[in-house]
Amino acid sequence: MTQKVLVVEDEPTLLETLVYNLDRQGYEVYQATTGREALHIARQARPDLILLDIMLPGMDGFEVCRILRQEMSLPILMLTARDDEVDKVVGLEMGADDYMTKPFSMRELLARVKALLRRDRLIREEIAAEAGANDVEAGQAPPMSFGDLVIDLARREVRLAEEALRLKPKEYELLVFLARNRGIALSRDLILERVWGWEHDGGSRTVDVHVRWLREKIEPDPANASRIVTVRGIGYRFEG
Ligand code: CA
C-alpha cells in the first residue's frame, strides 16, 4: 500500500524539492504551506507521516504538532531552521518524533522518513500481535501492581487509584519497560534503544521528556519522584 506523506513547508523552493524527492520514492505526497492548511489536509488525508516546518506563517509548527498529537498517532519529523536546543526540547514536548536541521541532505531526510515509517509500522504490528495474543489468553496476563498503580498489560491500560490514566503510546511502553526492570538502574541509552528501538535524534532528551510526563501522571509529588527515581549520571530506576 502506498504510504502517504504530508509536507508542511512555506518556502516554495524547499517545498518543491521535498515533494519532488518524496514523490520519486513512491510516496503519495500531500503539501501544505500554512499550519491551518496542514491540519485540514491531515484530517482529510490521514497521512502516515508528516514533515513539519517549525517556522510557518500564522500558526507555527509547534502548535500544529500539539493539535495533531491530540487527534492522531503518526510519526512527525520536524524541520528546524537552526540547531537550537530550545526548539528541540519544545518540539519533543509537543510530541515530535524526530528533527532535521536545515540545511539537510535530501538523502539523509529520505532515510529518516523511511526509518520512521518502518518503526511506526513495527510498533503497530507489535501492538496488534500483543492484542491478538491477549485475545487468545482472554486477558489472562496478570496486571502488575505497585501500590495504587496498576499496569494492566492485557488491557494495555494503566490505572492510578482505580482511575485509568491517559498515556501516550510511548509513555505506556516506557512505563512497562521500567516496571519490568524494577529496582534496576537503567541508562538513558538502554531505555532509548529498548523503548524507541533505534538511534533517535533527540537522544537522551527524549527519555527525560517522557519520564517527566510520566511522573506528572503517576507520581504523588512529581517534583520529588519516588516511583521513577533519577540515578545520577546513569538514567532512571523504577521503584514501584
Ligand atoms: Ca519556514
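Tutor: Let us begin with a definition: helices and strands are DSSP runs, numbered from the N terminus. In that numbering, Val209 is placed in helix H8. Please keep in mind that this is a predicted model.

Student: How many helices and strands are there in the protein chain?

Tutor: The protein chain has eight helices and 12 strands. Of its 240 residues, 49% count as buried. Among contacts between residues at least 6 apart in sequence, 56% join residues at least 24 apart.

Student: Let us return to Val209. Is Val209 buried or exposed?

Tutor: A residue counts as buried when its relative accessible area is under 20%. Val209 has a relative accessible area of 2%, so Val209 is buried. Leaving aside residues up to four places away in sequence, Val209 touches Leu92 and Glu93. The C-alpha atoms of Val209 and Glu171 are separated by 9.9 Å, although the two residues are 38 residues apart along the chain.

Student: How should I read the packing of two helices, for instance H6 and H8?

Tutor: Two packed helices are described by the angle between their axes and the distance between the axes. Helix H6 covers residues 169-180 and helix H8 covers residues 204-218; they pack at an angle of about 85 degrees, and their axes are 10 Å apart. That angle makes H6 roughly perpendicular to H8.

Student: Which residues of H6 and H8 meet?

Tutor: From H6 come Lys170, Glu171, Leu174 and Leu175, and they meet His210, Val211, Trp213, Leu214, Lys217 and Ile218 of H8. Sorted by class, this contact has six nonpolar, one polar and three charged residues.

Student: Which residues of helix H7 are buried?

Tutor: Helix H7 spans residues 188-196, and its buried residues are Ile191, Leu192, Val195 and Trp196. They lie on the same side of H7, because they cover an arc of only 100 degrees around the axis. The face turned away from that buried side carries the exposed residues Asp189 and Arg194. Just after H7, Gly197 takes a positive phi of about 80 degrees.

Student: What do the buried residues of helix H2 pack against?

Tutor: First, the residues themselves: in H2, which runs over residues 35-45, Gly35, Ala38, Leu39, Ile41, Ala42 and Ala45 are buried. The buried residues of H2 pack against strand E1 (4-8), strand E2 (28-32), strand E3 (49-53) and H3. Arg46 follows H2 and has a positive phi, near 45 degrees.

Student: Which residues does Leu68 touch?

Tutor: Leu68 is found in helix H3, residues 61-71, and is buried, with a relative accessible area of 1%. Not counting residues up to four places away in sequence, Leu68 touches Leu39, Ala42, Ile50 and Ile76. Leu68 and Leu39 are 29 residues apart in sequence, and their C-alpha atoms lie 7.2 Å apart in space.

Student: How many salt bridges does a search of the whole structure find?

Tutor: Side chains of opposite charge can pair when their charged atoms come close. A search of the whole structure finds 19 salt bridges. One of them joins Asp152 and Arg159, with the closest N and O atoms 3.3 Å apart. Asp152 counts as buried at 7% relative accessibility, and Arg159 counts as buried at 19%.

Student: What should I note about the salt bridge of Lys168 and Glu171?

Tutor: The side chains of Lys168 and Glu171 meet at 3.8 Å, N to O. Lys168 is partly exposed, with a relative accessible area of 32%, whereas Glu171 counts as buried at 0% relative accessibility.

Student: Which parts does the salt bridge of Arg188 and Asp208 tie together?

Tutor: In this salt bridge, the closest N and O atoms of Arg188 and Asp208 are 2.7 Å apart. Arg188 lies in helix H7 and Asp208 in helix H8, so the pair ties together parts that are 20 residues apart in sequence. Arg188 counts as partly exposed at 21% relative accessibility, and Asp208 counts as partly exposed at 23%. Elsewhere, salt bridges that share partners join Glu9, Glu11, Asp53 and Lys102 into one network.

Key:
Residues numbered from 1 in each chain as written. Predicted model: local features only at pLDDT ≥ 70, side-chain atom pairs only at ≥ 80, totals over all residues. Heavy atoms only, no water. Axes fitted to C-alpha atoms, helices over the stretch in contact; angles between N-to-C directions. Helix = DSSP H or I, 4+ residues; strand = E, 2+ residues; numbered from the N terminus. Parallel < 35°, antiparallel > 145°, perpendicular 65-115°, else oblique. Contact = heavy atoms within 4.5 Å. Nonpolar A, V, L, I, M, F, W, Y, C, P; charged D, E, K, R; others polar. Buried < 20%, exposed > 50% of the residue type's maximum accessible area, 1.4 Å probe, protein only. Arc of directions from axis to C-beta. Salt bridge = Lys/Arg side-chain N within 4 Å of Asp/Glu carboxyl O.
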